[in-house]
Amino acid sequence: MKTRREFFKSAAWMGAVAMAAGCANNPLKLFGTTGAPMQGFALKPMKKVRVACIGVGVRGRAALRRISMIPGTEVTAIADLFQDRIDGELKWLRENGKPTPRFAKAGAEEYKRICDSDEVDVIYNVTPWHEHTPIALYAMEHGKVILNEVPGVQSIDEGWQLVETSERTRIPCMMLENCCYGEEELLMLNMAKLGLFGEITHGEAAYIHDQRDLQFKSDRYHTMDGERIPAKAGKPGWTLHFYAQQCGNQYPTHGLGPVAKYMDINRGDNFDFLVSMESKQASYRHYAHDLFDDWRKNFEVKIGDMSQTLIRTKLGRCILLQLDACTPRPYSRINLVSGTRGMAMGYPEFRVALEEKTGDGKAHKFMDAAATAALRKKYAHPIWKAAGEVAKKVGGHGGMDFIMDLRWSYCLQNGLPLDTDVYDLAAWSSMVELTRRSVESGSRPVECPDFTRGAWKTAKGFTIDEIDLSKLPGGFGDVKRDKSVDDAAKQEGFVS
């Protein structure tokens with residue numbers, strides 16, 4: 001009988017067929033002309049999903065503990081730069097009656113030894129941004145499903161590398177965009193699919209979150225060269241390093257992912273071109289100058305306070321995309337979608353305005369609280385209806401982190417395609433480079449690559465899927481809340 005690794009590798013010849021001809025969207029590489037062979041692709045069901053957690057800092061630690069609570073899922077390997085982090089997770093697993101991973105060793109390339117083993121099916125990659133692509137490529141080449149933290153890649157070329165490798169190896173590659181699994185985001189997806197907004201024409205997406213304390217004061221971060229030091233020690237953490245070096249929207253997917261799903265990007269529509277500009281840099285400069293007397297006082301950051309991008313799609317829709325990680329203002333993802341029958345907007349406050357009949361004027365003001373509550377109950381997403389109670393008990397951004405992890409594990413256990421694929425990862429994450437190019441060119445329009453190579457025209461749209469908890473072995477039992485899961489929610493993706 002073949003091992004899972006042998007099974008994965010035996011399917012690789014199918015991807016080779018897709019690599020035979022050229023592609024106009026990427027003249028530097030040769031790609032297949034059939035387009036997007038990984039759309040709708042599913043592996044055979046896994047009786048047990050064996051997961052390697054690569055990176056167990058603040059967010060990685062919370063991920064490991066969430067994953068360990070999912071029936072049919074086991075953490076079989078842990079890797080990190082620092083052994084004390086790994087030891088902390090081994091202690092937690094023991095204290096909570098979970099199996100002890102065989103692979104649990106610190107080292108910058110320990111993930112390679114893990115990928116070489118036959119005791120892991122999934123690589124859960126919670127490392128700094130610049131490590132996402134090399135780890136993902138190595139994982140797929142060794143037959144491991146790869147789940148990459150956001151953003152999935154740092155450049156268009158890296159996006160094509162992941163697309164090419166996923167197609168050739170026939171290994172799924174998904175981005176861990178937790179905001180696609182929020183209760184409001186899935187509610188709005190359900191409403192969009194049911195046509196409540198009519199024909200969708202516009203969306204707004206953002207990541208507005210003041211991160212100055214986290215980036216200048218944290219004692220938890222590590223630098224680009226792998227040192228774990230407090231901020232006062234004289235070097236910026238890896239995130240601040242990125243912001244100091246380049247402009248553009250470097251963290252686009254929390255807002256963009258959900259809106260892209262409402263609009264069926266890569267599945268009936270596609271990004272066409274964008275224009276991006278950003279304000280001057282002031283907030284980082286004032287903050288550092290006013291609070292510190294060491295190297296931080298005059299540290300220069302290149303990224304502007306507010307990055308704004310307008311994206312036009314092939315079907316003529318528009319998306320406003322924003323990033324502001326440094327001004328003193330309330331957190332928001334905006335999460336707005338509007339069409340010919342009305343609109344809704346989400347975090348931090350869900351509001352909706354809909355017409356019942358064309359021109360009846362009812363969308364001129366938002367629904368009142370009672371009507372909004374009734375609508376939320378009526379159109380709640382099936383996944384949240386099934387698993388929302390346990391997700392909120394586990395915690396982590398209101399439970400959406402757990403819903404995300406539960407969903408991909410459920411798909412792998414039941415032989416279903418993952419909700420988003422390598423083309424979504426590449427398209428959403430490509431905004432990192434595309435917005436930078438537009439800003440640096442004086443806000444000239446920049447064409448968006450089509451990672452599906454035309455398959456978006458005929459692909460089926462995003463669907464409203466369900467979770468049948470009876471198909472998970474053993475059930476959840478008495479799930480206990482773990483404070484670290486919520487602690488990680490406060491840190492977002494900026495500390496590892």
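**Notebook: buried helix, sheet, cavity and pocket**

I started with helix α10, where W238, T239, L240, F242, Y243 and A244 are buried. Buried here means under 20% relative accessible area, exposed over 50%, partly exposed in between, with a 1.4 Å probe and protein chains only. The model is predicted: local features need pLDDT of at least 70, side-chain atom pairs count only at pLDDT 80 or more, and totals for chains, interfaces and linings use all residues. Residues are numbered from 1 along each chain as its sequence is written, and side-chain values use heavy atoms, without hydrogens and water.

**Helix α10.** I noted its span as residues 238–245, with 6 of the 8 residues buried. Helices (H or I, at least four residues) and strands (E, at least two) are DSSP runs, numbered from the N terminus.

**Whole protein.** I counted 18 helices and 14 strands. Of the 496 residues, 61% are buried. I then took contacts between residues at least 6 apart in sequence: 75% of these join residues at least 24 apart.

**The open sheet.** I traced 8 strands in the order β13-β12-β11-β7-β10-β9-β8-β14, with mixed pairing. Two strands pair if DSSP finds at least two bridges between them. V275 stands opposite L310 in β9.

**Strands β4 and β5.** Strand β4 (residues 122–125) pairs with β5 in the parallel sense over 4 bridges. V122 faces V145 of β5 across that pairing. Both faces of β5 (residues 145–148) are covered. V145 and L147 are buried on one side, I146 and N148 on the other.

**E185.** I looked up this residue in helix α8 (residues 183–193). Is E185 buried or exposed? Its relative accessibility is 4%, so E185 counts as buried. Beyond neighbours within four places in sequence, E185 is in contact with C179, C180, P258, Y262, R333 and N335.

I found 2 cavities of 30 Å³ or more. On a 1 Å grid over the protein atoms alone, a cavity is a set of points where a 1.4 Å probe fits but cannot get out; a pocket is an open set with protein on both sides within 12 Å along at least five of seven lines; lining residues have an atom within 4 Å of a point. The second largest cavity holds about 40 Å³. Its lining includes F41, P172, C411 and L416. That lining has 9 nonpolar, 1 polar and no charged residues. The largest pocket holds about 560 Å³. It is lined by 30 residues, with P417, L418, D419, T463 and D465 nearest its centre. I sorted that lining into 15 nonpolar, 7 polar and 8 charged.

Conventions
Grid points are joined across faces, edges and corners, and a volume is the space filled by probe spheres set on the points. Ala, Val, Leu, Ile, Met, Phe, Trp, Tyr, Cys and Pro count as nonpolar, Asp, Glu, Lys and Arg as charged, and the others, Gly among them, as polar. Contact means heavy atoms within 4.5 Å.
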